[in-house]
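Subject: Structure handover

Hello,

Here is the structure for your files. My notes on it follow below.

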Amino acid sequence: MDLLRCMQAFVMSVKTGSFVATSISLNTSAQMVAKYIAYLENHLGLKLLNRTTRSQSLTEFGQQYYHRCELILAEVKASNALAQQYIEEPTGTLRMSAPVSYAYSNLLPLLSRFMQLYPQVNVDLQLNDRYVDLTKENYDIVFRIGAINDSGLIARKLKPYQMIFAAAPSYLTKYGIPSTPDELKSHQCLIYQYANRNNKDYLWPFTCNGQVIRQPIAGSFQSNNVSALASAAIEGLGITMLPEIMLAQAISQNQLIPILQDFLPPAKEMHLLYSADPHRLPKLTMFIEFIIDALL
């Protein structure tokens with residue numbers, strides 16, 4: 001028998017002073033209320049109520065147990081209310097991971113808007129250029145550039161991720177404008193350092209005659225921060241390869257000039273990953289809808 005149901009019947013019987021009144025409130029019979037109380041007494045091994053045909057009163061133990069039951073039932077009610085709040089209203093913390101450059105160029109402005117719309121939601125954003133395992137590392141959402149191989153996860157395709165090449169007018173005036181990828185050999189390139197540093201950091205992709213080639217590059221400035229690379233480019237330290245959306249404002253203000261436009265690498269696939277949970281909380285559902293609407 002349901003112990004909480006028995007406690008509820010006991011507390012209500014004390015408050016109403018009647019099994020009949022309690023049965024009406026619980027939508028059951030007076031006989032069933034009596035069974036609830038009897039089960040509770042057998043379960044505890046102690047008597048709770050002294051009953052006659054005309055009255056009932058609490059035993060000494062029953063008095064103390066009554067107050068404990070009231071506290072327990074109040075906590076159960078509060079817990080249910082909390083669960084209902086999570087079901088109906090976006091609240092809690094969203095833990096997500098995203099590549100560094102993608103977060104700076106696409107995600108951070110959107111997160112600001114999302115948190116204004118849903119002030120009860122907190123965001124824990126971790127920036128990583130390595131492979132992130134959503135399940136093992138306990139993330140709600142993972143943004144990933146490139147092909148998707150995670151079985152069991154839902155992958156929503158987002159707007160492709162286009163990289164471009166650009167440099168400041170001052171740099172191009174001093175060193176000239178490269179017309180082919182091969183000419184980068186004589187230029188300062190601003191190098192992005194990935195988390196797992198390797199020789200790929202010093203190779204830039206280009207499209208030549210329909211084929212993707214990787215051109216070796218070199219430079220005296222490198223960083224693992226895309227904002228630092230963008231600022232370095234604006235200051236005339238060299239040529240940068242960064243997301244188009246990230247450099248758009250600097251280009252519109254003539255702080256940077258796009259170059260090698262005929263050799264741009266193919267846009268990269270971008271996906272939003274999350275688990276296939278039928279009991280998804282509103283905070284996650286609202287965020288998914290918000291991001292899909294903004295970046296599809």
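The side chains of Glu70 and Lys15 form a salt bridge, with N to O at 3.7 Å; the term stands for a side-chain nitrogen of Lys or Arg within 4 Å of a carboxyl oxygen of Asp or Glu. Because Glu70 sits in helix H4 (residues 60-88) and Lys15 in helix H1 (residues 3-16), the pair ties together parts that are 55 residues apart in sequence. Glu70 is partly exposed at 30% relative accessibility, and Lys15 is exposed at 56%. Here buried means under 20% relative accessible area, exposed means over 50%, and partly exposed is in between (1.4 Å probe, protein chains only).

Before the rest, the basis. This is a predicted model, in which local features need pLDDT of at least 70 and side-chain atom pairs count only at pLDDT 80 or more, while totals for chains, interfaces and linings use all residues. Residues are numbered from 1 along each chain as its sequence is written, and side-chain values use heavy atoms, with hydrogens and water left out.

The structure has four salt bridges, including the one above. Another joins the side chains of Glu137 and Arg130 at 2.9 Å, N to O. Both ends are partly exposed: Glu137 has 27% relative accessibility and Arg130 has 38%. Asp182 and Lys185 also form a salt bridge, their closest N and O atoms being 3.0 Å apart. In that pair Asp182 is partly exposed, at 42%, whereas Lys185 is exposed, at 62%.

On the chain as a whole: it contains nine helices and 14 strands, which are DSSP runs numbered from the N terminus (helices H or I, at least four residues; strands E, at least two). Along the principal axes, the C-alpha atoms fill a box of roughly 105 × 35 × 30 Å.

Of the 296 residues, 39% are buried. Among contacts (heavy atoms within 4.5 Å) with a separation of 6 or more, 71% come from residues 24 or more positions apart. The chain exposes about 16600 Å², and carbon and sulfur atoms supply 51% of that area, by the Shrake-Rupley method with a 1.4 Å probe.

Regards
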